[in-house]
Amino acid sequence: MNDWTRGKVVHNRHWTENLFSLTIDADVRRFRAGQYTSLGLDIEGQRISDPYSMLSAPDERPLEFFFYTRLEGDLSTALNRLQPGDTVWVDRQPAGDFTLDQVPDSEELWLLATGTGVAPFLSMLKTEEPWQRFRQIILVYAARYLRDLRYQELFDTLHLRYPGRFTFIPIISREPVADTLDGHITDHLADGVLQRVSGQVLDPTSSQVMLCGNPGMIQEAVARLRTAGFRDGTDNPEAHGRLHYESYW
């Protein structure tokens, strides 16, 4: 049962025709980085809602969300049309366990994301917790085109704030772009390029892995990582080598 509160759109930033970020002023209860809440609009007399991860850190207001519009008529298409001052319904109660609470301390934390699945990772990286618990953090962020790869200014800030401890690896699949990898995340899990580029070891004895994004990527990546000795977090009693994942359609 949703506990709806009325939110007000502060800003709608259109990155591309289909990619946008909304900032929303809403009275939402305290959340953990990586959690989500539901956003809803009243359309033709019916409230339509979907869950979306908060890109904001828990102490940031207004809240920021990252969207990719899909088919005409989808809720994200209607959200894309919102203007500052418009109303959007927000569930007060955050939910989800895709948080660092589920991830034991380790040497390296690998974050593998496609598209808007990067949002919960950005929420985490804005907090001090991962930097206190992991020696190295590697963010692998894949998109179809360079224009879809957003929030570079945050990555630059993290490089400056945590020198030598943050590695950002962009992957672009549908156009050649200098200083990025081509193809897909799963390609480079198989060929060892992610380890060579980062200079870090992706190994179950010293690494934790979180994955968020396209379900196909997650399914294939998890299968490859299991072959390398990683295990699902819920199935693995050991401190290292756990997999934690969440799919974005």
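## A pair to start with

Lys8 sits across from Asp25, a residue of strand β2. Before going further, a word on the ground rules: you're looking at a predicted model, where local features need pLDDT of at least 70, side-chain atom pairs count only at pLDDT 80 or more, and totals for chains, interfaces and linings use all residues. Residues are numbered from 1 along each chain as its sequence is written, and side-chain values use heavy atoms, with hydrogens and water left out.

Strands here are DSSP runs of E with at least two residues, helices are runs of H or I with at least four, and both are numbered from the N terminus. Two strands pair if DSSP finds at least two bridges between them.

## The six-stranded sheet

Follow the open sheet across and you meet its six strands in the order β4-β3-β6-β1-β2-β5, paired antiparallel. On the edges are β4 (46-53) and β5 (63-68), each of which has pairing on one side only. On average, neighbouring strands of this sheet are turned by 40° against each other, direction ignored; for such angles, axes are lines fitted to C-alpha atoms (for helices, over the stretch in contact), and the angles run from 0 to 180 degrees between N-to-C directions. As a general point, strands of a sheet pair through backbone hydrogen bonds, either parallel or antiparallel.

Now for some of the individual pairings. Strand β1 (residues 4-14) runs antiparallel to β6 (residues 87-91), with five bridges joining them; Gly7 has Val88 of β6 as its bridge partner. β1 also pairs with β2, again antiparallel, over six bridges, and a hairpin of four residues takes the chain from β1 to β2.

How enclosed is β2? Six of its seven residues are buried, so the rest of the structure largely encloses this strand. Buried means under 20% relative accessible area, exposed means over 50%, and partly exposed is in between (1.4 Å probe, protein chains only).

## Gln35, tucked into a loop

Gln35 belongs to the loop between β2 (19-25) and β3 (36-43). This residue counts as buried because its relative accessibility is 12%. What is Gln35 in contact with, leaving aside its neighbours within four places in sequence? The list is Ser53, Met54, Pro94, Ala95, Gly96, Phe98 and Thr99, where contact means heavy atoms within 4.5 Å.

Gly96 shows up in another way too: its backbone oxygen lies 2.9 Å from a polar atom of the Gln35 side chain. A polar contact is a pair of N or O atoms within 3.5 Å; within protein, one must be able to donate a hydrogen and the other to accept it, and residues adjacent in sequence count only if both atoms are side-chain atoms.

## Salt bridges

Search the whole structure and you'll find 13 salt bridges, each being a side-chain nitrogen of Lys or Arg within 4 Å of a carboxyl oxygen of Asp or Glu. One of them brings Asp101 and Arg32 together at 2.5 Å, N to O. These two are 69 residues apart, with Asp101 in the loop between β6 and β7 (106-114) and Arg32 in the loop between β2 and β3. Asp101 is partly exposed at 48% relative accessibility, and Arg32 is partly exposed at 33%.

Lys126 and Glu60 form another, with their closest N and O atoms 3.2 Å apart. That pair spans 66 residues, from Glu60 in the loop between β4 and β5 to Lys126 in the loop between α2 (119-125) and α3 (129-133). Glu220 and Arg224 also make a salt bridge, at 3.1 Å between the closest N and O atoms. Both lie in helix α7 (residues 215-227), four residues apart, which is about one turn of the helix. Shared partners also tie Arg32, Asp101, Asp105, Glu129 and Arg133 into one salt-bridge network.

## Aromatic pairs

The whole structure has 12 aromatic pairs. Rings of Phe, Tyr and Trp (its six-membered ring) pair if their centres lie within 6.5 Å; planes under 30 degrees apart count as stacked, over 60 as edge-to-face and the rest as tilted. Tyr52 and Phe67 are edge-to-face, 4.8 Å centre to centre with 65° between the planes. Tyr52 is in β4 and Phe67 in β5, so this pair ties together parts 15 residues apart in sequence. Both Tyr52 and Phe67 are buried.

Phe155 and Phe166 form a tilted pair, 6.5 Å centre to centre with 35° between the planes. Phe155 comes from helix α4 (residues 152-161) and Phe166 from strand β9 (residues 166-172), 11 residues apart. Both are buried as well. Ring pairs also link Trp131, Tyr141, Phe155, Tyr162, Phe166 and Phe168 into a cluster.
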